[in-house]
Every structure is written in structure tokens, then in C-alpha cells.
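Please look at the structure before reading on.

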Amino acid sequence: MSEKPWSEVNFLRPKKGYMGGEVLITLVILIGWGGATFGFQLLQKFLETTPAGENIFTRFTFFNLPFNVWFTGQFLPLWFVLLCIVFNLYIDRLTERHSRVRYPYEHE
Amino acid sequence: MNMSDLHIKFVPLVITVVVLTSFLLVGLLYKVRESSEYGLGGRSTGRIGSGAAIASNWMSAASFLGMAGFFYLNGYLGLACVIGWTGGYVLLLTLLAGQIRRFGKYTAPDFVGERYDSPMARLISALISIAISVIYCAAQFKGIGILFGWLFGLPYDAAVTLGAVAVISYVVFAGSQGVMKNQKLQYTILIISFVVPLMLLAKKLGYFWILPQFGYGAALAQVSPEFRASFTLPFAGSSLFQWSALCFTLMVGTAGLPHVLSRFYIVPNIRDARWSVVWGLYFIALIYWSAPAYAVFARLLEARSGVAPDPATARGMADMIVLTAATQGGLPLWLVGVLAAGGLSAAFATVSGLLMTGAASCSHDIYAGLLHPAASEYRKMRVAKGCTLLLALVVYLIAVNPPGLIVEITAVAFALAGNTIFPAFLLGIWWGRANRQGIITGMLLGVLVTFAAPLLGGRIPWVATLFPLTSSAFCGAPLVILVTIAVSLMTPAPPERIRRFLATEVHGHLD
């Protein structure tokens with residue numbers, strides 16, 4: 001084990017291979033996470049027509065709620081679940097691809 | 001609470017006692033069965049079961065009472081809690097879950113001590129973990145006080161004292177008997193006791209009751225347009241900064257809470273651990289989709305009765321709005337009792353988990369780790385028991401005069417976790433160069449930043465603006481991360497042994 005070559009761990013400069021894939025999917029998921037959460041609030045700020053934040057999303061209703069409330073309060077938690085599913089599917093495949101042993105998950 | 005409520009409610013009390021006692025009894029049976037089977041949480045648990053365990057470990061008085069209360073008071077800002085407390089799991093899953101599992105350390109102090117090769121860093125993170133537990137528990141005690149006040153018809157200070165005695169007896173009994181938590185059963189009780197009363201409430205008020213999570217929107221259309229606007233417009237009650245700061249703080253706090261991080265070791269295999277997070281998040285979301293509905297129904301009932309409370313009164317009653325909505329909506333008393341029993345079991349379970357973790361940290365990390373390395377197991381156990389009572393006393397003293405709403409108190413605990421433990425794990429896992437000088441400076445700065453608003457905000461106004469007490473991690477966590485990086489780069493790299501372990505085992509296990 002101590003003979004294994006190694007290089008310093010750095011999220012911004014990941015090693016090729018498993019860690020590279022892990023960092024890539026993490027970045028993709030985090031962009032989806034931050035973009036939907038904070039990007040949507042920022043968008044509402046840009047589009048506001050009154051100081052209280054009235055904007056195109058507050059004017060139409062969706063599932064009985066103003067769209068902005070539905071999107072933030074109901075869609076985003078679901079979106080997070082979906083992001084986690086995508087992340088797990090990708091890591092499952094990545095692990096399979098990089099495993100040279102017969103029972104891959106026990107060594108993940 | 002109005003005066004007519006000041007009488008003891010027998011049926012709800014009996015339901016509560018039955019629910020809490022059944023947890024203890026099932027826990028004792030479970031213990032007997034478990035000791036004959038192999039290990040903790042064997043494979044039969046499965047991903048859905050582990051997900052339910054994650055959710056029930058997570059559910060507390062903040063989810064059960066606090067969130068609806070905060071939403072009732074603040075409208076759209078309240079959604080920052082819904083998002084913060086679910087979105088945090090995305091951070092946890094993508095950045096930390098698999099890696100801390102491969103690192104193989106079970107608690108925050110163990111991880112920090114080992115990764116940064118420093119007893120001092122370990123001590124600081126242990127003290128921080130204990131502080132997080134105490135603050136989080138104080139919010140639970142407030143919830144327990146409110147529910148006991150309703151059940152026994154007592155004013156808050158008497159109720160919180162009675163509740164404190166009850167919960168400590170529960171913790172001591174469960175601890176001394178080695179009661180195992182059956183978290184699947186607990187989650188089932190929680191979700192039923194939260195959602196069934198909500199369904200009936202929606203039905204009584206005349207809305208779509210099969211999925212009241214979608215039905216409450218129609219209720220919102222029936223309050224006055226002025227109120228609806230102030231409740232749902234994004235920046236009516238808070239600025240973009242306030243919303244984002246609260247949301248982000250709760251997210252990084254979720255990914256830095258010691259008792260949440262240690263959950264990943266209980267599931268036997270790492271792939272199951274990852275998938276159980278998805279189920280856990282889904283189960284948490286089920287409750288969080290429902291909480292705002294209670295708040296909206298409470299507002300609707302106020303509008304129908306024609307008496308809207310002034311802001312101070314509303315703030316005073318916000319944390320019991322779930323019960324108020326259920327009672328005023330005309331639910332049968334026993335069903336309100338089910339709701340109260342669910343809230344109390346969430347609070348009791350959270351308190352027992354946090355107090356035991358805090359006490360173990362006192363005994364294992366501080367007493368045995370630093371003061372008396374040669375202490376016997378018996379001695380450590382006695383210290384842990386003493387610490388449980390000591391911590392409970394501190395919690396009680398905070399909770400007697402609660403400094404804020406349940407969500408606000410809880411948010412301070414999350415801010416502290418997000419400003420200290422989260423950066424320590426994030427950099428510890430993803431940057432081999434992070435060293436002990438860096439993280440010690442970073443964690444101390446994180447503590448300062450968390451309490452900067454009350455400490456310095458009076459003299460330096462921009463501090464209070466950038467680091468509000470409940471939302472300090474939005475600017476705080478990035479600042480701590482940058483300072484940790486800068487100090488690490490100015491001081492020698494950590495031992496090669498650790499950097500190699502990180503590169504070959506934590507990130508290179510399949511190379």
C-alpha cells in the first residue's frame with residue numbers, strides 16, 4: 001500500500017479516473033442545486049416590478065399556488081431528490097467501470 | 001394560548017404516554033432480538049428502512065412545530081427553511097457521504113483529530129459539537145415546553161420544567177436500559193401523526209384533502225389580497241440577501257451537523273448508504289411539503305373569524321400554530337393529541353440523541369482524550385452520565401427564557417455547524433494541503449463569526465448586516481474556508497502519512 005504512487009488531493013485539480021468522474025458529477029449536481037435554488041430567487045429579483053418582489057412568477061398560479069411559491073416550496077425538494085438519484089446512478093456506473101474485482105460495491 | 005385552554009387534556013395525555021412508552025417497550029424487545037442477531041442494523045434493514053431511519057433521526061420539534069410557525073409568521077422567507085433543510089442533503093451526499101465513510105472515522109472530533117493530526121483541533125471540534133448539541137436541544141426543550149403546556153394546561157415556565165424532568169428521565173431510562181431506537185417505527189408514527197390530522201383539517205375546511213399539500217393553495221386564495229401578497233411575494237418580508245443567507249446557512253449546517261454526519265456509518269455498505277440518503281430526503285420532503293399547509297390553514301381560520309393578531313401576539317403563538325390550527329379547525333381532541341404525541345416523540349428522540357452524543361463527546365474526547373488518558377471504562381461511563389445531566393441543565397436554563405422562535409434557535413446551531421464543522425470536513429476531504437494550523441484558525445474564526453452579531457454588531461453595524469445570528473454561514477462559511485486555505489499555505493503541510501492516505505484510500509481506492 002505504501003508503494004502506491006500518489007499526488008496531493010485537490011478538488012480543483014482532480015486525478016484522472018475515478019476521482020475525476022466524482023468531481024465532474026459533483027460539479028454538475030451542485031450547479032443544478034445552486035442554480036435552481038439561488039438562481040431562481042435572483043431571477044425574481046431581476047424581474048421584480050414592485051419593491052415587494054412582484055414579478056411574472058408571482059402573477060400566475062400553478063397547483064393552486066402562486067408559481068414562485070410552488071416552485072420554491074414544492075418543486076425544489078423534489079428537484080433535490082431527483083439530483084440525488086442522478087448522482088447515485090452516475091456513481092454506481094463509475095464504480096462498476098473502475099472496479100477490477102468481482103464484487104464491486106463491497107470495495108467502493 | 002388563551003385561558004380556556006388551561007386545563008389538563010386527558011385523552012391526548014394518554015395517547016402521548018402510550019406512544020412514548022411503546023417506543024421504550026419496542027426498543028427493549030428490539031434490544032433482546034438484536035443481541036441474538038448479528039451486528040447493528042443488519043442487511044435486512046434495506047435502503048428504504050435506512051432512509052426512514054435518516055428521516056426520523058432528522059425530525060425534531062423544529063420540523064414538527066417550528067417550521068409551520070416560522071412560515072405562518074414570515075410567509076415566503078419560511079420556504080428558506082424548507083429548501084435549506086432539504087437541499088443540505090444534496091451537499092452532504094455529493095461532497096461528503098462516500099468520502100467520510102472511506103475515511104472511516106465515526107464522529108466529528110474523531111475525524112478532525114485524525115485528519116489534521118492534532119489533539120487541539122480535536123478538542124476544539126469536540127467543544128463545538130457539544131455547543132451545537134446544547135443549542136439544538138434548547139430549541140427542542142422549547143417545543144417540549146409548548147406541548148406539555150397544552151397537554152397539562154400549564155403556563156410555559158412550569159411546563160418546560162415538567163417537560164425537562166420528563167425528557168431527562170426518558171433519556172436516563174433509555175440509556176441505562178440500553179434501549180435501541182426503532183427508527184422505522186418512529187418515522188411511521190411521525191408521518192402519520194403529522195399528515196392524518198392535516199388531511200382531516202383540509203377536509204373540514206372544505207379543501208382537497210387527499211393531498212392537502214396541494215389543497216392548501218386554494219385556501220391561500222381566500223384570504224385578503226393584501227395579506228396574500230405580503231405572504232407570498234418573495235421580497236415582501238425579507239430581502240434577497242436575508243432569504244439566501246438563511247437558506248444557505250441551513251444547507252451547510254445540515255451537511256455539518258455531527259449527529260447527521262455519523263449516520264453514514266450505520267448502513268453496512270456504502271452503495272446502500274448513498275441510496276438511503278435519497279429515501280431519507282424523500283421522507284423528509286413528505287413532512288416539509290405538509291408543514292406550510294398548517295400555517296396557511298391557521299391564517300385562513302384567522303381570516304374567517306375576523307380577528308387577525310397583531311405582530312407581537314402572532315410571534316408569541318407562532319411556535320404552537322400547528323396545534324392552534326388543529327384545535328380551531330375543529331379536529332376531535334384525540335386527533336390533536338395524536339399530533340402532540342408525534343411532536344413530542346420527535347423532540348424526545350432528538351434530545352436523547354443529542355444529549356447522549358454530547359455527553360459521549362465530553363467523556364470520550366475531552367475527559368479521556370485529554371485530561372485522563374488512562375481512565376477506566378467505568379470512570380468514563382460515570383463522567384458521561386454526569387455530563388448528560390450537566391448539559392441538560394444548561395439546555396434547561398436557556399430554554400426557560402427562550403431567546404427566539406424554535407426555528408431561530410435551531411438556525412443558530414446550524415450556523416455554528418456550517419461555520420466550523422462543515423469547512424473542516426470539506427477541506428479535510430477535498431484538499432490534502434489543509435493543515436492543523438489552518439483548521440484551528442478556521443474553526444475559531446467560525447465560532448467568532450457565528451456569534452459576531454450579538455458580540456460586535458452593536459459597535460460595528462456591518463458585522464450585524466453580513467453575519468446575522470440565524471444566517472451567519474452565508475458569508476461566514478466561505479470566509480472560514482478562505483482563511484483556512486490562506487493559513488494552511490503559510491504554514492507547513494500536514495504529515496505525508498495523512499496526505500498519502502487521503503490520496504490513495506479516500507480518493508484512490510479504485511485506482
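## An enclosed helix

Helix α9 (residues 212–220) of chain B is largely enclosed by the rest of the structure, because seven of its nine residues are buried (under 20% relative accessible area with a 1.4 Å probe, protein chains only). Helices here are DSSP runs of H or I with at least four residues, and strands are runs of E with at least two, numbered from the N terminus. The buried residues are B:P212, B:Q213, B:G215, B:Y216, B:G217, B:A219 and B:L220. Their cover includes β2 (65–66) and α3 (67–98) of chain A, along with α8 (183–205), α10 (225–232) and α13 (270–305) of chain B.

## Basis of the model

This is a predicted model, in which local features need pLDDT of at least 70 and side-chain atom pairs count only at pLDDT 80 or more, while totals for chains, interfaces and linings use all residues. Residues are numbered from 1 along each chain as its sequence is written, chains are lettered from A and ligands numbered from 1 in the order in which they are written, and side-chain values use heavy atoms, leaving out hydrogens and water.

## The two chains together

In chain B, 57 residues are in contact with 62 residues of chain A (heavy atoms within 4.5 Å). The two chains bury about 5,600 Å² between them, 67% of it on carbon and sulfur atoms; buried area is the accessible area (1.4 Å probe) lost on being put together, summed over both parts. On the chain B side, B:F235, B:W430 and B:L510 lose the most area to chain A, together 12% of what that side buries.

Between chain B and chain A there are four salt bridges (a side-chain nitrogen of Lys or Arg within 4 Å of a carboxyl oxygen of Asp or Glu). A:D92 forms a salt bridge with B:R274, with the closest N and O atoms 2.9 Å apart.

Definitions and conventions
Buried < 20%, exposed > 50% of the residue type's maximum accessible area, 1.4 Å probe, protein only.
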